Amino acid sequence: ENQNSVNQIDEGKNINYQQKKSSKTNLASKRPIQNASETLDIEPLDEQNMVKNNKESENLEIEKQAQKIIVDDIEIKANGDLTSFKYQLNTALHNNQLPALQIESEGEGSFTQLNIQHLLLSSPASNLSLTGTVDWQQGIDASFTLLSDKISIEEFEPSIASDVSLKAALQFVSDGQNWRLNVPELAVAGQINNAPFDANVVLALDDKLHAEISEFTIASAQNVLNLSGKIDQQWHIEGDLNLVDPETIDSRLSGQGNADFTITGEVKTPLLDWSMALKRLSLKNYRIDEIVSNGNLDVAKNYLANISLEAAGINIDEQAINRIQLDVNGDLQAHSVKLNLISDTLNVSANSQGGLTQHQYKGQINQLAFKNDKINLSNQQTINFDYDVSQASATVDQHCWLGTNTSFCLDALSASTEQGHIALNLTHLDLSVLSLVMPKTISPYGELKGHFNAKWQQGQLLAIDSEFHSNTIHFDINESFIKTDVPFEQLFLKL
């Protein structure tokens, strides 16, 4: 029976279907299909198994929770029988979050195959056409060609502006247990966020996720990333990066360089090996004249690493660093780190070792030194420390520091989110050490003596015992608008 309005509510799925206009037909007998996405009246096949139907619907609404999908102007035409038929489909759909999508398709087929002669998906700013065949006589054998002269990602993600074209060929074969996907061609060209973008991919992938990558190239103007190789039980990947004019990617970025890398080893535990050299890198207020790195990382051997990094001519917000050298060797359970930093205002050298066992990291700082034209400060014995990752607690053994006119010791320290204790004894402290943490325009002079003890629990300070005193303290201020010396003849502070 025809209905001018159909309203079917599935309370379990909270889905509301509304069809505002019934199908127009002069069929002798009708049988509604209640579970279809659209309720259509279908005439039973005649004795020759022939079918010829023209179906039209003005509007169909599908509502699920806050999402409402509206299907407009559905038109389906089909004629033929199960051994040979032709079809045409025209419809449009949209919801409150995605752009309107127009769908047009026509093709022919039979009980064992389908030939999609034309399928067009189009939105106000994008389009994608597809042709292809699907044969399911013995498993699935399908091949498709996709073309688009305009895809706008901005329609779906407003933060990404794009205007790209696409050309692709796909082949899919499955026997019911195993499958293989071949991509003999996948090419994308255009712009993303006003930067030129090109990608070319040729690969094959199977049900075991084994891959053969004949070509994987991503380029933006002359900046190119290449990958090739295969993945089976192991990685066999090599690649290279060439950076020529990165300002085409981001106008704030500049520099040149290249990098080569390989990925080998077991799939779940890869081994990464690389060599990199970049020059004249800059971004906003950051600049690095040269950076060179070589190394390898073996996941299978508990992240065994041998990494060297050297950078020169570093400028960060007008703070100049002449050179940084960093070396990391070892695995998670036993490794060493060496650091050397040279700048016009401060030189830093550090040498440490440690290891992570389960949730606890134990380490020791063998050397930590700070030196410039005013200070020469370093630890006098190895600083042992440990940190419990699960408890977020740390302890540091007692140790002392010695420098120019400076000597102080720190008692054993313990700290956690629950409780903590710190004790500092200053035999004498040259206040020039404070230049490490004070603005460059303020230079402190003098000597400070005293002690500081504090205990806390559950974020509350339980006790504090502190006393500092000095006979002569000076602060030289050298600002553009003021140049003066602020003396303190005597300072006494007790808490």
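This is a predicted model: local features need pLDDT of at least 70, side-chain atom pairs count only at pLDDT 80 or more; totals for chains, interfaces and linings use all residues.

Me: Which residues have the most contacts inside the largest nonpolar core?

Reply: The general idea comes first: in soluble globular proteins, nonpolar side chains tend to be buried together. Here the largest nonpolar core holds 17 residues, and Phe 370, Trp 401, Phe 408, Leu 426, Leu 429 and Leu 448 have the most contacts inside it. Strands β25 and β32 (419-430) each supply at least two of its residues, and β32 gives the most, with 3 residues. There is also a second, separate core of 9 residues, including Tyr 87 and Val 164.

Me: What is Leu 429 in contact with, leaving aside its neighbours within four places in sequence?

Reply: Among its contacts of that kind are Phe 408 and Leu 448, which are also on the list for the largest core.

Me: How do I read aromatic pairs?

Reply: A pair of aromatic rings is described by the distance of the centres and the angle of the planes. The whole structure has 4 aromatic pairs. Phe 172 and Trp 179 are stacked, at 6.0 Å centre to centre with 25° between the planes. Phe 370, Trp 401 and Phe 408 form one aromatic cluster.

Me: Are Phe 172 and Trp 179 buried or partly exposed?

Reply: Phe 172 is partly exposed, at 29% relative accessible area, and Trp 179 is partly exposed at 28%.

Me: Where is Asn 372?

Reply: Asn 372 sits in the loop between β25 (360-371) and β26 (376-379). A polar atom of its side chain lies 3.0 Å from the backbone oxygen of Thr 345.

Conventions: Residues are numbered from 1 along each chain as its sequence is written. Side-chain values use heavy atoms; hydrogens and water are left out. Helices (H or I, at least four residues) and strands (E, at least two) are DSSP runs, numbered from the N terminus. A polar contact is a pair of N or O atoms within 3.5 Å; within protein, one must be able to donate a hydrogen and the other to accept it, and residues adjacent in sequence count only if both atoms are side-chain atoms. A nonpolar core is a set of buried Ala, Val, Leu, Ile, Met, Phe, Trp, Tyr and Cys residues joined through side-chain atoms within 4.5 Å. Buried means under 20% relative accessible area, exposed over 50%, partly exposed in between (1.4 Å probe, protein chains only). Contact means heavy atoms within 4.5 Å. Rings of Phe, Tyr and Trp (its six-membered ring) pair if their centres lie within 6.5 Å; planes under 30 degrees apart count as stacked, over 60 as edge-to-face and the rest as tilted.
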